[in-house]
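Work through the two exercises below with the sequence and the structure in view, trying each task before you read its solution.

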Amino acid sequence: MLRTQSSGAGRFADFDLSRVPSPCFVIDEVRLRENLEVLRGVSEAADTKVLLALKAFSMWAVAPLISDHLTGTCASGLWEAKLARNHFGGELATYAPAFKPSEFDEIAALSDHIVFNSTAQFERYSAQAKAAGADLALRINPEHSEAEIELYDPCAVGSRLGHPISKLDTLPDNISGLHLHNLCEQGLEPLKRTIAAVRPFLEAHKGKYQWLNLGGGHLVTRNDYDRGGLIEILKELSEDLGVQTYIEPGTAIGFDAAILVGEVLDVTENNGPVGITDISPTCHMPDVIEAPYRPAMLGEAGALDVRLGGASCLSGDIIGSYKFDGVPQSGQRIAFLDQAHYTMVKTTTFNGAHLPSLAIWNSDTDALRIIKQFDYEDFEGRLS
Ligand SMILES: Cc1ncc(COP(=O)(O)O)c(C=O)c1O
């Protein structure tokens with residue numbers, strides 16, 4: 001079981017949950033800006049470029065704020081690349097474990113950098129990418145595991161992600177950059193160990209590549225992250241290897257900046273109270289089941305344990321067991337913390353579950369905007 005990284009409710013402690021429809025993601029634009037300022041500070045101090053990983057968080061209503069602070073975005077394929085160009089500014093790097101021939105020309109025309117997963121993909125597409133004016137890069141697999149669980153470990157045995165460095169004697173002639181990614185919501189020590197593991201490879205090929213992207217998984221916006229240490233490492237890499245460095249976090253951008261508000265629909269009894277809510281982990285917070293992890297609940301207090309789950313048919317559609325003062329009432333609002341990343345981008349309508357609305361709250365002014373509500377047509381439109 002992973003632990004939630006959330007540092008607590010922060011300003012959401014003062015948010016009146018009845019102000020939004022249920023379910024609803026509420027993002028605090030003040031906290032988002034603070035996260036972005038931290039990242040911009042690192043970027044300036046280390047002369048590094050910071051890209052938002054759209055796979056984690058791509059709420060484009062806040063794209064102008066994000067683009068004001070970061071170098072650009074990174075995409076996982078054609079649709080994210082289009083979203084990047086339609087809404088976000090700056091550089092665009094696109095990486096995929098494999099590209100589809102039918103989409104590649106369009107991806108290359110949209111992207112500044114294309115990151116290939118293997119030398120075979122590199123050879124297959126490099127002429128097309130160059131013709132479209134994109135830089136060429138290769139994702140290497142450092143063969144050094146740091147992730148706590150295998151599901152999130154790109155360096156697990158047999159991984160398909162990145163070209164293993166032990167199987168790479170030479171780099172292609174026309175390469176511009178190297179990319180690696182092996183962390184997940186982690187601090188500086190795992191990054192230091194990764195760099196130590198991959199350094200001989202990086203040194204051996206020094207001069208052949210001009211930039212180095214250290215991927216995501218750096219939880220730079222958590223208060224206890226050693227940002228000074230990160231700045232030093234980035235500067236040192238840049239000087240020693242003569243490269244422009246990049247990082248491409250996703251989680252760190254939305255960290256602790258959103259809650260998911262829901263409602264208790266009914267409480268049944270089976271070896272203790274069981275609350276059924278309009279938040280379904282399988283539809284709205286799938287990492288709760290996949291990782292798995294127990295999201296922190298806003299204002300959790302009391303002596304009574306209540307098991308909370310969604311209204312879907314899946315027996316394991318369970319959020320977790322939470323403390324309440326007494327048996328919750330139907331209609332009672334609840335909210336889970338740190339729900340910006342890997343949530344809105346992953347929602348489904350399984351069982352006809354409603355997609356959560358999207359709201360932007362300003363915790364300084366208390367202004368609230370409901371920017372998106374989904375309806376039956378969104379559900380119907382996904383199938384035919
Ligand atoms: C290649 C790559 N870059 C960046 C990220 C973003 O990571 P995080 O959201 O943990 O910062 C991921 C996440 O899976 C990734 O696979």
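**Exercise 1.** State how far apart the C-alpha centres of domain 1 and domain 2 lie, and describe the contact between these domains.

*Solution.* The C-alpha centres of domain 1 and domain 2 lie 32 Å apart, the bounds coming from an automatic or database domain assignment. The contact (heavy atoms within 4.5 Å) takes 12 residues from domain 1 and 13 residues from domain 2. Next comes the buried area, the accessible area (1.4 Å probe) that two parts lose on being put together, summed over both: between domain 1 and domain 2 it is about 990 Å², with carbon and sulfur atoms giving 69%. Of the area that domain 1 buries against domain 2, His341, Tyr342 and Val345 supply 44%, more than any other three residues.

The model is predicted, with local features needing pLDDT of at least 70 and side-chain atom pairs pLDDT 80 or more, while totals for chains, interfaces and linings use all residues. Residues are numbered from 1 along each chain as its sequence is written, and side-chain values use heavy atoms, without hydrogens and water.

**Exercise 2.** Find where helix α6 bends, and list its buried residues.

*Solution.* Helix α6 (a DSSP run of H or I, at least four residues) covers residues 188-204. The bend, which is the angle between axes fitted to the seven residues ending at a residue and the seven starting there, is about 50° at Val198, and Pro200 follows within four residues. Buried (under 20% relative accessible area, 1.4 Å probe, protein chains only) in α6 are Leu188, Pro190, Leu191, Thr194, Ile195, Val198, Arg199, Phe201 and Leu202.

Terms used: Helices (H or I, at least four residues) and strands (E, at least two) are DSSP runs, numbered from the N terminus. The expected span of a helix is 1.5 Å times one less than its number of residues. Buried means under 20% relative accessible area, exposed over 50%, partly exposed in between (1.4 Å probe, protein chains only).
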